[in-house]
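Hi,

Here is the structure I promised to pass on.

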Amino acid sequence: MLDYAGLEALAAVLREGSFDRAARKLHVTPSAISQRIKLLEERVGQVLVMRGTPCTGTEAGRRLCLHVEQVALLENELRRANPELVPEGQVARPTLKLAVNADSLNSWFVDAMAAFTQGGNELLDISIDDQDHTAKRIKEGEVMAAVTASSSHITGCNIWPLANMHYVAAASPAFIARYFGDAGITAHTLAQAPMLTYGRKDAMQDKWLQQQGVTARHMPPRHWVPSAHAFIRACEAHIAWGMHPTVLIQDHLKDGRLVELLPGTGISVPLYWAHARNAQTGLERLTQCVIGAAQSWLDPIDPKN
């Protein structure tokens, strides 16, 4: 039998980032938190918390924390289905840890959140990561579910197809005139024109450039802009070109604030919803909200791909 007092303390430390804040959350002393985690680590025979600022979990610690969250989700479902067995207030509101790519979070995923939170009392703890890397967050036990670009099998997970997010290379008319002018948009001119990159994991621009014949040795100068809103604004302000999801720049393209560099050369990224299989019952309603929102905003995935 697992020590749930210790597991509760572990989850609080990893969520709050420190023993002091975890103690305030659980209304106990920091020494009580420390003692509970020490006993839990002795019982499982390995370190669970890496002390620091903030405190972080080892792989085993993250998986145990995820287990606590899954138990909380099941208890919440039990209270919902049988309120006479578990009175209101005796079960804490569960927090679901999710990983979502920035472009989804800035567009369709908020609709999924709205539909889900209107039908229950669960809380959401969302971390942003590139869609090509969110599956790793599930594998490592950091999150319970994720929007991912991977349709590959993930051990212990169910995967649902969502929709295609379409990206186009776009810039302001003034930027295009300055950097491409009479020479046009070629592999040579693309290698000279500054581009935007969202973060170190963002390879979208590089992939598009390679499709246009720009080699890895001749990549253009780049600006790093880790904000979806600023990414669009930087292109409007003639700073650089970038790859944008069409759902976020439809109005910009219609009124000419942004122009597609090479029409017909966009990239479609199929998105999937992956969640821990042993939490399927508790996540069923969230899954339906996510699928519904994605399909109402985005294009369907081509079954041939």
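Let's start with the aromatic pairs: the structure holds 5 of them. Rings of Phe, Tyr and Trp (for Trp, the six-membered ring) pair if their centres lie within 6.5 Å, and planes under 30 degrees apart count as stacked, over 60 as edge-to-face and the rest as tilted. A pair of aromatic rings is described by the distance of the centres and the angle of the planes.

One of the pairs is Phe-175 with Phe-180, which is edge-to-face, at 6.3 Å centre to centre and 70° between the planes. Both Phe-175 and Phe-180 are buried. (Buried means under 20% relative accessible area, exposed over 50%, and partly exposed in between, using a 1.4 Å probe and protein chains only.)

Another pair, Trp-208 with Trp-241, is tilted, with 5.2 Å between the centres and 55° between the planes. Why does this pair tie together parts that are 33 residues apart in sequence? Because Trp-208 lies in helix 10, whereas Trp-241 is in the loop between helix 11 and strand 9. Trp-208 has 0% relative accessibility, so it counts as buried. Trp-241 is also at 0%, so it is buried too.

Before going on, a word on the source: this is a predicted model, where local features need pLDDT of at least 70 and side-chain atom pairs count only at pLDDT 80 or more, while totals for chains, interfaces and linings use all residues. Residues are numbered from 1 along each chain as its sequence is written, and side-chain values use heavy atoms, with hydrogens and water left out.

Trp-108, Phe-109 and Trp-273 are linked into a cluster by ring pairs. Then look at Arg-200: its charged end sits over the ring of Trp-224, 3.7 Å from the ring's centre. (A charge sits over a ring if NZ of Lys or CZ of Arg is within 6 Å of the ring centre and within 35 degrees of the ring normal.)

Now zoom out. The chain has 13 helices and 11 strands; helices (H or I, at least four residues) and strands (E, at least two) are DSSP runs, numbered from the N terminus. Its C-alpha trace spans about 70 × 40 × 30 Å along the principal axes. Of the 305 residues, 47% count as buried.

Which way does strand 6 (residues 157–171) run relative to strand 9, parallel or antiparallel? The two run antiparallel and are joined by 4 bridges. (Two strands pair if DSSP finds at least two bridges between them.) Opposite Met-243 in strand 9 stands Ala-169.

Next, the second largest pocket. Rolling a probe the size of a water molecule over the atoms shows where empty space is left. On a 1 Å grid over the protein atoms alone, a pocket is an open set of points where a 1.4 Å probe fits, with protein on both sides within 12 Å along at least five of seven lines; lining residues have an atom within 4 Å of a point. About 470 Å³ of space lies in this pocket. (Grid points are joined across faces, edges and corners, and a volume is the space filled by probe spheres set on the points.)

How many residues line the second largest pocket? There are 27, and Asp-103, Asp-130, Gln-131, Tyr-198 and Asp-202 lie nearest its centre. The lining divides into 14 nonpolar, 6 polar and 7 charged residues. (Ala, Val, Leu, Ile, Met, Phe, Trp, Tyr, Cys and Pro count as nonpolar, Asp, Glu, Lys and Arg as charged, and the others, Gly among them, as polar.) Helix 10 (204–211), helix 11 (228–236) and strand 9 (242–245) are among the elements that each supply at least two lining residues.

Most residues other than glycine have a negative phi, and most peptide bonds are trans.

- The peptide bond from Thr-53 to Pro-54 is cis, with omega near 0°. Pro-54 is in the loop between strand 1 (49–50) and strand 2 (56–57).
- His-27 has a positive phi of about 60° although it is not a glycine. His-27 sits in the loop between helix 2 (19–26) and helix 3 (30–44), and at 73% relative accessibility it counts as exposed.
- His-238 has a positive phi too, near 70°. His-238 is in the loop between helix 11 and strand 9, and is partly exposed, at 41%.

Cheers
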